[in-house]
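Please open the structure in your viewer and keep the selection panel at hand.

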Amino acid sequence: MTIHLDHLMVPARDKVAAARQLAGLLGVPWSATGIGPFAPVYVNDGFTLDFDEWPEPLPLIHYCFRVDAAAFDAILQRIQAAGIAYRSSVHGPVDHQVDTAHGGRIVYWNQPDGHQWEMLTESYARQP
């Protein structure tokens, strides 16, 4: 049996604003309404991030997207155009740099609710 991750819930103060921002950065479709109380972001044909409004305090969660080089360039350009601070280190300071020490390219940024997004071109978790 093959197992696929279908969807994850993303806690948010404003689910529509958070879903709109991420979908815009990734260049993927989204909806202000979905099944139940969610504002879904359709990351790809088999995976959805369901933004849901939660009361304070929100848990802070790390999400990582693996993309090809062309998508990395396009998403990074949208991050830059939006004026979003990004960094080359998971816990490092904002340096507006791209990490290339792991065989690909990696950047990190935080969304307004504090969740940490990571984008990489090569999975360092899957290297032999």
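A nonpolar core is a set of buried Ala, Val, Leu, Ile, Met, Phe, Trp, Tyr and Cys residues joined through side-chain atoms within 4.5 Å; buried means under 20% relative accessible area, exposed over 50%, and partly exposed in between (1.4 Å probe, protein chains only). This is a predicted model, in which local features need pLDDT of at least 70 and side-chain atom pairs count only at pLDDT 80 or more, while totals for chains, interfaces and linings use all residues. Residues are numbered from 1 along each chain as its sequence is written, and side-chain values use heavy atoms, with hydrogens and water left out.

**The core**

Select Val41, Leu49, Phe51, Phe65, Trp109, Trp117 and Met119: of the 28 residues in the largest nonpolar core, these touch the most other members. Helix α1 gives the most to this core, with 6 residues. Helices and strands are DSSP runs numbered from the N terminus (helices H or I, at least four residues; strands E, at least two).

Next, centre on phenylalanine 51. Not counting residues up to four places away in sequence, its contacts (heavy atoms within 4.5 Å) include Val10, Leu22, Phe38, Val41 and Trp117.

**The helix pair**

Display α1 (residues 15-26) and α2 (residues 69-81), which pack at an angle of about 130° with their axes 7 Å apart. Axes are lines fitted to C-alpha atoms, for helices over the stretch in contact, and angles run from 0 to 180 degrees between N-to-C directions. The two helices are therefore oblique to each other, a class left after roughly parallel (under 35 degrees), roughly antiparallel (over 145) and roughly perpendicular (65 to 115). At the contact, Gly24, Leu25 and Leu26 of α1 meet Ile75, Arg78 and Ile79 of α2.

**Aspartate 113**

Move to the loop between β6 (106-110) and β7 (116-120), where aspartate 113 lies. Is aspartate 113 buried or exposed? Its relative accessibility is 9%, so aspartate 113 counts as buried. Show arginine 13 as well: a polar contact of 2.7 Å joins the two side chains. Such a contact is a pair of N or O atoms within 3.5 Å, and within protein one must be able to donate a hydrogen and the other to accept it; residues adjacent in sequence count only if both atoms are side-chain atoms.

**Two loops**

In the loop between β3 and β4, select proline 55, which is exposed with a relative accessible area of 63%.

Finish at histidine 96, in the loop between β5 (86-87) and β6. Histidine 96 has a positive phi of about 50° although it is not a glycine. Most residues other than glycine have a negative phi, and most peptide bonds are trans.
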